Amino acid sequence: MIFSLSQLSPVEAKANWLLIGITEDGEFDETTQALDEALVGSLTRMKEREDLTGKAGELTIIPDVSQLSADRLVIVGLGKIEKMKIGGFGKAIVTAVRKIASKADQSLNICLPAAAAKALGEEAALERIADVVTVGCSTQGLYKEEQDRHEFTSVTILGAEENKQNQDAIHRGRILGEAINLTRNLVNRHPDDLYPDSFAQISADEAAALGVRGEILDEHMLEDENMGALLAVSRGTDRPPRMVVLKYEGGGEGAPTLALVGKGVTFDSGGLSLKPSAGMITMKSDMAGAATVLGAITAIAKLKLPVNVTGYMGLVENMTGAGAYKLGSVVTARNGKTIEIHNTDAEGRLVLADVLAYAVDQKVDKIVDLATLTGACVVALGEDVVGAFSNDQTWCERVLNSSREVDEDIWQMPMYDFFAEQLKSEFADCKNIGSRWGGAITAAKFLEQFVDETPWVHLDIAGPSYAESKSAHQDAGGTGVMVRALVRLAMEN
Ligand code: BES
Ligand code: MN
Ligand code: ZN
């Protein structure tokens, strides 16, 4: 999709669609006034009749506007000016984009709303427009013959200067949107299409295309690396596990390394602690952490950020085959700790235990892990908020801030030591589950045992990484949550 900036007036600019945003309060801005005049007061009348209120997400399509050079006018409500934030602005724009992208071979002009430029900054608003247009017209119909949404033939943003800063902002937005789409696509792939080896191959191809150094560890190499916890999870399947390591070195030698660690369970049946069907149906998405890491690294590399970032993805399938690990089994993790298995459905933490220990052994400076780790986190925070857990408050604040800056909802959870007591075992150094209560925290306390003193933040994305049903602003399926936050974190590293 080609994006450009233009100074043409919205009345005169040709396109199949013209998209404008209006706020809930105040007068029409200059652009809207000009359009209203050309439309001989039609917008004013609609406003007076309260058919055009500017409420967040309100969508009005006028499919025939002969007085304008564009074929059709789309007006989206941006809500109240004083409440305007980058996330809500993006949601409003993407709502409109998703609606009109249903027709193929269409060109789109978007007016940069003056209120958004003022409240959010011109560049940030442009970046988010390019980002959500890229996300909004991509389709989730992976396995459908007919796609329900199409890219535009061109996207022209009106009302912002054609200078380098603005062009760069649009470029950043497109890269972010593409990275989010990559993550979503991987999350949506069915588990016999995306499994540890195919995921590893896709990662290797992405890395090669970007000049990122990539390494795939197969089951024998994982054995050599003593990754007994990860290997235990993968014993119930014929599909061998993989660990992918992607090294992006934009910061040069001696610069600190940020490790991004992802849980990549390509299907989680629960193992012998089998999940009921209702809980298993979405478990193709249990690799969302790894997909988020891959998405973020592609964006970081395309943006040529001056940082060193290494991605570690632990890829396994959790099944019930004859060799499956059992309840009561004791497995030995890479760092020598023995773990008594009390529930084979608490597999993500076993995978992460070894991958985290591996990253620590590589002497990375800081760690963020991403995992669809616990249903308990969804109970605690709901479906749309990321849970953050950390052993280092300073590092945690930076991760939280990066999320806030891009407006991805996140909440820090406590890490009181007494939660770790629930993990004591009679037969091994620890067991892999605690009691029912505070399950997201005991999972994080379990992981903490494998990061030593390295500043670490664990992000439980079990809720927000996958939308069970579609809404006006997003498809059902993978959401790409935290890709923006991770890229922002790398920018500020
Ligand atoms: N992958 C699941 C967590 C999950 C649940 C992700 C719902 C997305 C939506 C994880 O492996 C799991 O099964 N966790 C168990 C842990 C329990 C056995 C301690 C859970 O949350 O029930
Ligand atoms: Mn599980
Ligand atoms: Zn899982």
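Student: How do the residues of the shell around ligand 1 divide into nonpolar, polar and charged?
Tutor: This is a predicted model. Around ligand 1 there are 15 residues, with K275, D286, D345, E347 and G375 coming nearest. By class, the shell divides into 4 nonpolar, 4 polar and 7 charged residues.

Student: What percentage of the accessible area of ligand 1 does the protein cover?
Tutor: The reference is ligand 1 on its own, with 520 Å² of accessible area. Of that area, the protein covers 75%.

Student: Are helices α6 and α11 roughly parallel or roughly antiparallel to each other?
Tutor: Helix α6 spans residues 164-188 and helix α11 residues 288-302; their axes come within 8 Å and cross at roughly 155 degrees. The crossing is right-handed. Angles over 145 degrees count as roughly antiparallel. The two helices, α6 and α11, are therefore roughly antiparallel.

Student: Is α14 oblique or roughly perpendicular to α17?
Tutor: The axes of α14 (residues 393-406) and α17 (residues 483-491) come within 8 Å and cross at roughly 120 degrees. Roughly perpendicular covers 65 to 115 degrees, and over 145 counts as roughly antiparallel. That angle makes α14, relative to α17, oblique.

Student: Is the crossing of α14 and α17 left-handed or right-handed?
Tutor: Handedness is given apart from the angle, which is roughly 120 degrees for this pair. Where α14 passes α17, the crossing is right-handed.

Student: How many charged residues does the contact of α5 with α6 have?
Tutor: Helix α5 (residues 122-136) packs on α6 at about 35 degrees, with the axes 7 Å apart. Their crossing is right-handed. The contact has 7 nonpolar and 6 polar residues, and its charged residues number 8.

Technical notes:
Residues numbered from 1 in each chain as written. Chains lettered and ligands numbered in written order. Predicted model: local features only at pLDDT ≥ 70, side-chain atom pairs only at ≥ 80, totals over all residues. Heavy atoms only, no water. Near = heavy atom within 4 Å. Areas by Shrake-Rupley, 256 points an atom, 1.4 Å probe, with all protein chains shown as cover. Nonpolar A, V, L, I, M, F, W, Y, C, P; charged D, E, K, R; others polar. Axes fitted to C-alpha atoms, helices over the stretch in contact; angles between N-to-C directions. Helix = DSSP H or I, 4+ residues; strand = E, 2+ residues; numbered from the N terminus. Parallel < 35°, antiparallel > 145°, perpendicular 65-115°, else oblique. Left-handed = near helix turned anticlockwise from the far one by under 90°.
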